[in-house]
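Please keep the sequence and the structure at hand.

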Amino acid sequence: MTDAATPESTPRTDSRLRQLVDFGGLLAFGAAFLVMRLRGLSGDEALVHATWFLVAGSAVGVAVGLIVEKRLALMPLLVGGFALVFGLLTVLTGDGLWVKVKVTALNLSLAVALIGGIFLGKQPLKALLGTVIPINDRAWRTLTLRYGVYFLAVALVNELVRSEALVGWAAAQVGRTDIDPADVWVSFRGVLWIASSAFGLSQIPLIMRNLTSPDAPVDPMAPAEPDTAP
């Protein structure tokens, strides 16, 4: 009984561990930003210093994939690569713009790949996730379109939230001239983690209705990984 259950529990365990690493990295990033702000640093300065935790968290995420999962899966590697590149650019240049743009660049790239793949008659999401979710091709197309639109929406909203001019204008409309745009963006990252998890969970009914192997382990949260990283 125990031996039979082990293979099924492994993918779920790996997924939970990866989600824990992603959430831990985001939590460390947010906590570091808050500490820096309480120490009197400006929003941009605090954002740059806190990005060290993003870089470290991304490196740990890649290591988890290599050590625990015994492989470098394409999706986590893609997410970690974007975080490392844009995180290092932020630290080396001292400009928090890079870490903000990373969210747009990653999600827009995924949106173009997924939506473009559908028009080309391909299954890009299935190729990225492999056998993590055993569903039929029709469901893969639907899931791919939904995630493509979701990633596009995240990219667009991030561009609005990261705009200092727009945030300043919105703050002035409500009589708040003391709001730092960096504070708004970091808060948005926390909300985005919740939104990503909620969106992933909302896809469970589609997945469960279209399983091709009822006995296979299912990880319905896997597609949400790109948005859970800092």
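At 44% relative accessibility, Glu 164 counts as partly exposed. The cut-offs are these: buried is under 20% relative accessible area, exposed is over 50%, and partly exposed lies in between (1.4 Å probe, protein chains only). Glu 164 lies in helix 7, residues 164-173. Helices (H or I, at least four residues) and strands (E, at least two) are DSSP runs, numbered from the N terminus.

Glu 164 gathers with Asp 44, Glu 45 and Asp 95 in a patch of negative charge on the surface. Patches take residues with over 30% relative accessible area and no salt bridge; like charges are joined within 9 Å, and nonpolar side chains (Val, Leu, Ile, Met, Phe, Trp, Tyr) within 5 Å. The place of a charge is NZ of Lys, CZ of Arg, CG of Asp or CD of Glu. Lys and Arg count as positive, Asp and Glu as negative; His and the chain ends are not counted.

## Basis of the model

This is a predicted model: local features need pLDDT of at least 70, side-chain atom pairs count only at pLDDT 80 or more, and totals for chains, interfaces and linings use all residues. Residues are numbered from 1 along each chain as its sequence is written, and side-chain values use heavy atoms, with hydrogens and water left out.

## The chain as a whole

The protein chain has nine helices and zero strands. Buried residues make up 43% of its 230 residues. Of the contacts with a separation of 6 or more, 74% are between residues 24 or more positions apart. Contact means heavy atoms within 4.5 Å.

The accessible surface comes to about 11,700 Å², and 69% of that belongs to carbon and sulfur atoms. Accessible areas come from the Shrake-Rupley method with a 1.4 Å probe; for residues, only the protein chains shown count as cover.

## A buried lysine

Which side chain of opposite charge is nearest to Lys 100? It is Glu 164, 4.1 Å away. Lys 100 is buried yet has no salt bridge. A salt bridge needs a side-chain nitrogen of Lys or Arg within 4 Å of a carboxyl oxygen of Asp or Glu.

Lys 100 sits in helix 4, residues 97-119. Beyond four places away in sequence, the residues it touches include Asp 44, Arg 162, Glu 164 and Trp 185.

## Salt bridges

The count comes to five salt bridges. Arg 37 pairs with Asp 180, with the closest N and O atoms 3.9 Å apart. Arg 37 lies in helix 1 (residues 2-38) and Asp 180 in the loop between helix 7 and helix 8 (181-202), so this pair ties together parts that are 143 residues apart in sequence. Arg 37, Asp 180 and Asp 183 are linked in a network of salt bridges.

Lys 126 and Asp 137 meet at 3.1 Å, N to O. Lys 126 belongs to helix 5 (residues 124-129) and Asp 137 to helix 6, so the bridge joins parts eleven residues apart in sequence. Glu 159 and Arg 162 form a salt bridge at 2.6 Å, N to O. They are three residues apart in helix 6, separated by about one helical turn.

## The nonpolar patch

Leu 108, Val 112, Leu 152 and Leu 156 form a nonpolar surface patch, with about 340 Å² of accessible area together. Helix 4 and helix 6 (137-162) each supply at least two of its residues. Val 112 lies in helix 4. Its relative accessible area is 54%, so Val 112 is exposed.
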